[in-house]
Amino acid sequence: MNKPETLPVEQPVVGKSTPHESAHLHVSGAAPYIDDLPEPAGTLHAALGLSPIAHGKLLSVDLERIRQMPGVVAVLSAADIAGENNCGPLLHDDPILAVDELRYVGQPVFAVIATHRELARRAAGLARQVIQAEPLPPLLTALQAHAAGQYVLAPAHLTRGEPAEQLASAPHRLQGNWSLGGQEQFYLEGQISLAVPQEGGDALLVHCSTQHPSEMQQLVAHCLGWHAHRVVVQCRRMGGGFGGKESQSALFACVASIAALKLKKPVKLRVDRDDDFLVTGRRHGFDYRWDVGFDADGRILAVDIDLIANAGHSADLSAPVMARALCHFDNAYWLPHVAMHGYCARTNTQSNTAFRGFGGPQGAIAIEMILDGVARRLGLDPAEVRQRNFYTAGQDMTPYGQRVEELHAQPLTAQLLASSRYAERRAEIAAFNAASPVLKKGLAFTPVKFGISFNVAHLNQAGALVHVYTDGSVLVNHGGTEMGQGLNTKVAQVVAHELGLPLASVRCSATDTSKVANTSATAASTGSDLNGKAAQDAARKIKGRLAGFAAERFGCAPELIAFDGGQVSGGGQSLPFCDLVAAAYLKRIQLWSDGFYATPGLHWDRSKLQGHPFYYYAWGGAVCEALVDTLTGESRITRADILHDVGQSLNPAIDIGQIEGGFIQGMGWLTTEELVWHPTTGLLTTHAPSTYKIPTANDCPPELHVELFGVANASETIHRSKAVGEPPLLLGFAALLAIKDACAACGPEKCDPPLQAPATAEAVLNAIDAIR
């Protein structure tokens with residue numbers, strides 16, 4: 001009989017840069033994703049037949065022709081859905097398969113189930129030939145839909161003070177319009193679900209690449225006409241999500257499940273990249289109109305702004321996206337008088353959804369563009385104007401009624417501007433531009449203040465299970481999902497720290513709706529905050545029981561018992577943790593526990609857009625330097641200096657990786673990632689990496705300096721850490737504004753280049769031409 005492996009006894013410390021728990025599997029190609037799982041015997045494959053027009057009345061579909069195709073086992077339409085034909089998360093306005101209306105090019109109309117994936121795809125590719133429809137005029141842009149009064153939900157308005165009166169009396173006034181493109185999540189693992197019927201045929205196991213297993217469980221149950229307890233959803237890991245698998249994984253889970261139940265066989269649905277682009281939504285593009293009043297020092301006196309989001313054909317998550325955009329328009333700045341108007345325009349395009357930042361970036365970038373314009377109008381350094389508008393003591397109340405308690409903007413900015421040599425480089429760049437007629441450099445600083453919590457208060461809860469086995473090893477299951485961000489690593493660190501064990505003693509298992517129920521999405525940067533606290537709660541319950549048992553053995557008070565380095569000690573005695581656990585089992589002491597956490601102090605009035613929606617704020621800042629070729633419009637970021645606030649870091653290596661990745665993703669959104677729809681047919685023409693350009697390793701600035709701010713969170717979070725998932729994406733604002741600064745070097749003093757985002761070569765040339 002083999003002896004069990006000996007676990008190391010070195011003490012893990014929360015705050016230590018331990019490797020990602022799956023890093024060795026990722027880099028060796030051995031980490032199994034859903035498509036890597038062994039297929040059960042008899043597995044069938046699904047593909048989707050997509051609408052060929054942007055808007056129209058569905059007249060008929062010749063499904064019989066599809067059924068005659070080689071390898072086809074079944075063809076499903078909306079008539080085959082026994083329960084609710086809906087995969088929309090909030091308003092139930094998004095059909096799984098089209099019924100009588102076609103809403104966008106790429107909308108699923110039918111599903112083909114075949115013996116092989118390529119045969120299913122080949123049959124589904126006949127959609128254009130078998131779908132008969134009466135075309136109707138489409139609305140393809142948010143501004144078109146806004147002009148027509150077409151919205152997926154009622155407009156939202158947030159006002160403070162007397163903006164109209166203050167605008168009228170302001171000594172300086174600036175009006176403007178600006179457009180901001182959306183962004184494709186481009187997760188490396190595409191959308192995929194595998195539905196497997198269970199014994200008796202009255203239950204399903206669904207392997208789904210999703211950030212929200214509980215919502216998938218509910219929506220699958222609804223479409224089948226079942227109760228939730230008959231559906232189990234599992235997700236060990238995703239190959240990226242970025243918000244695109246929060247709600248929109250539901251369509252694929254539902255189709256696979258409907259087919260699996262009907263045919264009584266396992267069914268896998270894995271779409272290829274082109275279809276993924278055509279079917280699913282992405283970050284909302286925004287259009288803005290603003291009117292700003294300010295004084296001679298650049299201080300904002302009043303703002304009136306319209307934020308018009310392209311919601312796509314259905315509501316999806318547009319309501320909370322817009323709410324977060326409105327709650328982040330202030331970014332790091334005190335706005336005494338403000339009127340914000342949010343419109344979610346209904347267009348005949350894919351239904352836009354969550355993406356890292358969830359509306360926050362679209363809200364915050366507007367005030368950054370405004371402040372940049374104010375500074376240029378006055379001939380002032382934009383960094384100086386930004387600092388003059390920061391929240392300060394006495395001017396610390398947000399427009400939505402939450403006080404900003406940690407005023408980190410000024411000290412963080414001072415540290416970053418000094419470490420990046422901002423002032424000296426500003427002078428050096430001016431000298432370079434004066435001597436360089438073709439190549440121009442630009443420099444920009446932008447801050448970040450990002451609210452952490454779901455805007456919807458009840459979503460801020462989490463559960464966990466911790467099992468201690470008799471050999472002293474520990475298994476953790478929690479409601480969060482691992483998508484590469486290191487959540488399982490951090491949760492394991494928390495539990496190991498709590499029980500005084502080496503990290504190797506703790507393992508996290510796959511997210512499973514039969515283990516922890518009614519979970520929230522792993523989103524809003526709350527993964528570690530919520531699930532870490534829940535796991536800590538469970539571990540502390542077990543620790544308390546073991547401490548009581550050890551106190552009896554050692555003859556001391558329970559509060560004198562210490563768990564450290566794999567040992568349990570007290571009263572001058574010590575025992576290995578595994579030995580104490582084995583003895584506790586013999587005394588019938590419970591060695592497993594559930595844990596629960598609900599974020600305290602949150603409240604939100606959705607109708608008034610007032611309350612305390614965020615537990616705390618994460619802060620950050622970036623200084624970027626850009627180089628622009630004024631003949632071709634090509635640009636690149638040559639240096640980036642970042643200082644970011646993660647509180648007391650749970651894992652500095654993982655946090656720095658998240659900051660670097662978030663910055664690059666934000667930079668890509670604002671520079672190269674352009675979405676283009678055909679102006680008449682509504683076809684998304686940038687639906688593959690050949691036409692949609694995400695940043696690569698070659699786009700990373702040659703000089704990238706990332707530091708952690710290193711101040712413990714004032715709020716009682718898990719080990720006083722702060723969320724790190726979404727806030728760093730907003731650091732990419734500095735990249736766009738550095739390119740804009742380089743463009744301004746081509747024009748006269750105080751010029752304000754009308755640079756659109758993404759700042760492609762064409763956009764850069766247009767901005768330069770406008771000011772020359």
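Reply: Two strands are said to pair if DSSP finds at least two bridges between them, and helices (H or I, at least four residues) and strands (E, at least two) are DSSP runs, numbered from the N terminus. The model is predicted, so that local features need pLDDT of at least 70 and side-chain atom pairs count only at pLDDT 80 or more, while totals for chains, interfaces and linings use all residues. Residues are numbered from 1 along each chain as its sequence is written, and side-chain values use heavy atoms, with hydrogens and water left out.

The open sheet has four strands in the order β19-β18-β17-β24, with mixed pairing. Because β19 (506–508) and β24 (592–598) stand at the edges, each with a single partner strand, one side of each has no neighbour in the sheet. From one strand to the next the twist averages 20°, where angles run from 0 to 180 degrees between N-to-C directions and axes are lines fitted to C-alpha atoms, for helices over the stretch in contact. Strand β17 (residues 461–468) runs antiparallel to β24 and is joined to it by seven bridges; in one of the pairs between them, A462 has Y597 of β24 as its bridge partner.

Helix α15 (residues 487–499) packs on this sheet, touching β17, β18 (474–478) and β19 (contact means heavy atoms within 4.5 Å), and its direction makes about 130° with that of β18. Helix α16, for its part, lies across β17, β18 and β24, and runs at about 140° to β24.
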